[in-house]
Amino acid sequence: VGSQRISVYVVDQRHTAGDFFKQNLSKVLIISYDMVIRNYELLSANIGGFGLLICDEGHRLKNSGSKATSLLSSLPICRRIILSGTPLQNDLQVKLSL
């Protein structure tokens, strides 16, 4: 609908986070928490290269002390979407700027 299209880039076994920053087509990055951990330095160094971060496996936020939660929280990103097939928790005491 409309004249604007959103192009997304998915980090997986064949498509690396580094390749995302080499292309100019996609401005939306879809990445798992494990890939955020593996690519944290690259992501934090190139944070201006994208405007939206979508992370799957949102159930991992139940543990506010996890490495993935800590690293994800430290990335200065304006827009984030967390995908989860399970409820995160009833009382969200985890204070994240997600």
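Colleague: Which residues have the most contacts inside the largest nonpolar core?

Modeller: First, the ground rules. This is a predicted model, where local features need pLDDT of at least 70 and side-chain atom pairs count only at pLDDT 80 or more, while totals for chains, interfaces and linings use all residues. Residues are numbered from 1 along each chain as its sequence is written, and side-chain values use heavy atoms, with hydrogens and water left out. Now the core. A nonpolar core is a set of buried Ala, Val, Leu, Ile, Met, Phe, Trp, Tyr and Cys residues joined through side-chain atoms within 4.5 Å. Buried means under 20% relative accessible area, exposed over 50%, and partly exposed in between, with a 1.4 Å probe and protein chains only. The largest core here has 17 residues, and those with the most contacts inside it are Val-11, Leu-29, Ile-31, Leu-53, Cys-55 and Leu-75.

Colleague: Which elements each supply at least two residues of this core?

Modeller: They are α1, β2 (28-31), α2, β3 and α4. The largest share, 3 residues, comes from α2. Helices (H or I, at least four residues) and strands (E, at least two) are DSSP runs, numbered from the N terminus.

Colleague: What pattern does the protein follow along the sequence?

Modeller: The order is β-α-β-α-α-β-α-β. That comprises 4 helices and 4 strands. Of the 98 residues, 33% are buried.

Colleague: How do I read strand β3? Which way do its residues point?

Modeller: In a regular strand the side chains alternate between the two faces of the sheet. In β3, Leu-52 and Ile-54 point one way, Leu-53 and Cys-55 the other way, and all are buried.

Colleague: In which sense does β3 pair with β2, and in which with β4?

Modeller: Two strands pair if DSSP finds at least two bridges between them. β2 and β3 pair in the parallel sense over 4 bridges. Ile-31 stands opposite Cys-55 in β3. β3 and β4 also pair in the parallel sense, over 4 bridges. There, Ile-54 stands opposite Ile-81 in β4.

Colleague: Why does Leu-29 count as buried?

Modeller: Leu-29 lies in strand β2. Leu-29 counts as buried because its relative accessible area is 0%.

Colleague: And Ile-77: buried or exposed?

Modeller: Ile-77 lies in the loop between α4 and β4. Ile-77 is buried, with a relative accessible area of 9%. Ile-77 and Leu-53 are 24 residues apart along the chain, with their C-alpha atoms separated by 7.4 Å.

Colleague: Which residues of helix α4 are buried, and what covers them?

Modeller: In α4 (residues 67-74), Ala-68, Thr-69, Leu-71 and Leu-72 are buried. Their cover includes α2 (33-38), α3 (40-45), β3 (52-55) and β4 (79-82).

Colleague: What is Leu-75 in contact with, leaving aside its neighbours within four places in sequence?

Modeller: Contact means heavy atoms within 4.5 Å. Leu-75 is in contact with Val-36, Tyr-40, Leu-43, Ser-44, Ile-47, Leu-53 and Arg-80.

Colleague: Now charge. Which residue forms a salt bridge with Asp-19?

Modeller: Side chains of opposite charge can pair when their charged atoms come close. A salt bridge is a side-chain nitrogen of Lys or Arg within 4 Å of a carboxyl oxygen of Asp or Glu. The count here comes to 1. Asp-19 pairs with Lys-22, the closest N and O atoms being 3.9 Å apart. Both lie in helix α1 (residues 17-22), 3 residues apart, about one turn of the helix.

Colleague: Why does Lys-22 count as exposed?

Modeller: Lys-22 counts as exposed because its relative accessibility is 69%. Asp-19, at 32%, counts as partly exposed.
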